[in-house]
Amino acid sequence: MRRMRSQVITVRTGSRPTVRDITSEAERFVSGAGDGLLHVFVPHATAGLAIIETGAGSDDDLLRALDDLLPTDDRWRHRHGSPGHGRDHVLPAFVPPYATLPVLDGRIQLGTWQSICLVDTNGDNPDRQVRFSFLPG
């Protein structure tokens with residue numbers, strides 16, 4: 001019987017909202033693994049994962065859209081942390097904390113311009129854990 005393999009990495013996101021491409025870390029994890037599924041999970045209440053294009057402005061556009069949708073003002077009932085921090089706790093409803101991707105012959109099957117990105121709007125928590133899990137096919 002084949003077993004799931006799992007690894008946790010730490011990603012430094014800093015003190016301001018960011019979209020961090022973690023594709024290369026995920027690729028290293030599945031390299032040579034054969035066929036199966038890669039599950040990526042962020043065990044945090046204020047971060048998520050997005051499969052988007054990076055480097056052409058889409059990452060900044062995503063942060064801008066999140067600011068428009070979830071502004072950092074005093075409307076939020078969840079009020080601990082920095083001003084507007086309540087919006088960070090709503091983020092995972094729009095940018096989920098997980099993604100599952102097919103892997104064929106040890107390669108993640110992303111589209112040409114797609115990247116796996118950690119989305120973190122919470123400047124109060126500059127370090128994030130990301131769990132990669134591979135389930136062989």
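In which strand is the place of Thr18? Thr18 lies in strand β2, residues 18-21. The model is predicted: local features need pLDDT of at least 70, side-chain atom pairs count only at pLDDT 80 or more, and totals for chains, interfaces and linings use all residues. Residues are numbered from 1 along each chain as its sequence is written, and side-chain values use heavy atoms, with hydrogens and water left out.

**View 1. Surroundings of Thr18.** Thr18 counts as buried because its relative accessibility is 18% (buried is under 20% relative accessible area, exposed over 50%, partly exposed in between; 1.4 Å probe, protein chains only). Leaving aside residues up to four places away in sequence, Thr18 touches Thr13, Leu63, Leu118, Val119 and Asp120 (contact means heavy atoms within 4.5 Å).

**View 2. Secondary structure of the protein chain.** Three helices and eight strands make up the elements of the protein chain (DSSP runs, helices being H or I of at least four residues and strands E of at least two, numbered from the N terminus). Their order from the N terminus is β-β-α-β-β-α-α-β-β-β-β. Of contacts between residues at least 6 apart in sequence, 83% join residues at least 24 apart.

**View 3. Extent and burial of the protein chain.** The C-alpha trace spans about 50 × 30 × 20 Å along its principal axes. Of the 137 residues, 41% count as buried.

**View 4. Surface of the protein chain.** The protein chain exposes about 7800 Å², with carbon and sulfur atoms supplying 49% of it (Shrake-Rupley method with a 1.4 Å probe; for residues, only the protein chains shown count as cover).
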